[in-house]
Amino acid sequence: HIFAMLPPDGGRPLFISDAAVNIAPNIETRVQAALQMADLARKMGSEKPKIAILSATESLLPAVPSSIEAEEIARLASASDQAADFAGPLSPDLAISPESVAIKGIAPDSKLGAVAGMADALVVPDIVSGNVLFKSLAYCAGGLAAGLVVGGTVPILLTSRADPPSARIASLALAAVVTKERRS
């Protein structure tokens, strides 16, 4: 499942994985989510998508299993798709905020630097993380969530039951983008 979070003032979408379907996706499922989001970002015009694998920290900490898993997911996704940049673990601020990247001193030429502060997509560790993130962006920041289940024969529209009609229309438009290649 992918939510494309559309900013209220326009601009590029931010993709979020697994906010509604996969409760506790394993590493392989999250690798597939990263690859699907890279593909979707390309279809939406990103030349070389930047995919952040989220954790609470950018450090590898055994006490934070998602940090160890994020590094593995980034490595496996990178091996499968060299036309995108994958990096993890990244905290949410380091994934999307160039200012946080500068403050925390993440070098552009580091393992995380190709994605840090510029992520097109966020792979979350579980449904709770994804759901809290997408609803925070929708309710606190005014974002619009277009939701799809991808990876099957056809995309399946899946929004939150409380989403406005505009989210359903945005989901239809996103599904049209996903299926455009198949019709051409």
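Analyst: What follows takes the labels one by one. Keep in mind that the model is predicted.

User: Why is Ser-91 called buried?

Analyst: Its relative accessibility is 4%. Buried means under 20%. The value falls under that cut-off, so Ser-91 counts as buried. Ser-91 sits in the loop between strand E4 (85-90) and helix H3 (92-96).

User: What makes the pair Ser-91 and Asp-93 a polar contact?

Analyst: The distance between their side chains is 2.5 Å. The cut-off is within 3.5 Å, so the pair qualifies on distance.

User: Is Leu-94 buried or exposed, and how do you know?

Analyst: Buried. Its relative accessible area is 0%, and the cut-off for buried is under 20%. Leu-94 lies in helix H3. Among its contacts are Glu-58, Val-101, Ile-106 and Ala-116.

User: Why are E4 and E7 said to stand at the edges of the sheet?

Analyst: The sheet is open, has seven strands and runs in the order E4-E3-E5-E2-E1-E6-E7, with mixed pairing. E4 and strand E7 (156-157) each have a single partner strand, so one side of each has no neighbour in the sheet.

User: How do you know that E6 and E7 pair?

Analyst: Two bridges link strand E6 (residues 144-149) and E7, in the antiparallel sense. Val-149 stands opposite Ile-156 in E7.

User: Which strands does helix H1 touch?

Analyst: Helix H1 (residues 27-43) packs on the sheet and touches E1, E2, E3, E4 and E5. The direction of H1 makes about 160 degrees with that of E2. Helix H5 (residues 127-141) lies across E1, E2, E3, E5 and E6, at about 150 degrees to E2.

User: What puts the buried residues of H5 on the same side?

Analyst: Gly-130, Phe-134 and Ala-138 are buried in H5. They cover an arc of only 50 degrees around the axis, so they share one side of H5. An α-helix has 3.6 residues a turn, so residues three or four places apart point the same way. What covers the buried residues of H5 includes E1, E2 and E6. On the other side of H5, Val-128, Val-132, Tyr-139 and Cys-140 are exposed.

How values were computed:
Residues are numbered from 1 along each chain as its sequence is written. This is a predicted model: local features need pLDDT of at least 70, side-chain atom pairs count only at pLDDT 80 or more; totals for chains, interfaces and linings use all residues. Side-chain values use heavy atoms; hydrogens and water are left out. Helices (H or I, at least four residues) and strands (E, at least two) are DSSP runs, numbered from the N terminus. Buried means under 20% relative accessible area, exposed over 50%, partly exposed in between (1.4 Å probe, protein chains only). A polar contact is a pair of N or O atoms within 3.5 Å; within protein, one must be able to donate a hydrogen and the other to accept it, and residues adjacent in sequence count only if both atoms are side-chain atoms. Contact means heavy atoms within 4.5 Å. Two strands pair if DSSP finds at least two bridges between them. Axes are lines fitted to C-alpha atoms, for helices over the stretch in contact, and angles run from 0 to 180 degrees between N-to-C directions. The arc is that of the directions from the helix axis to the C-beta atoms.
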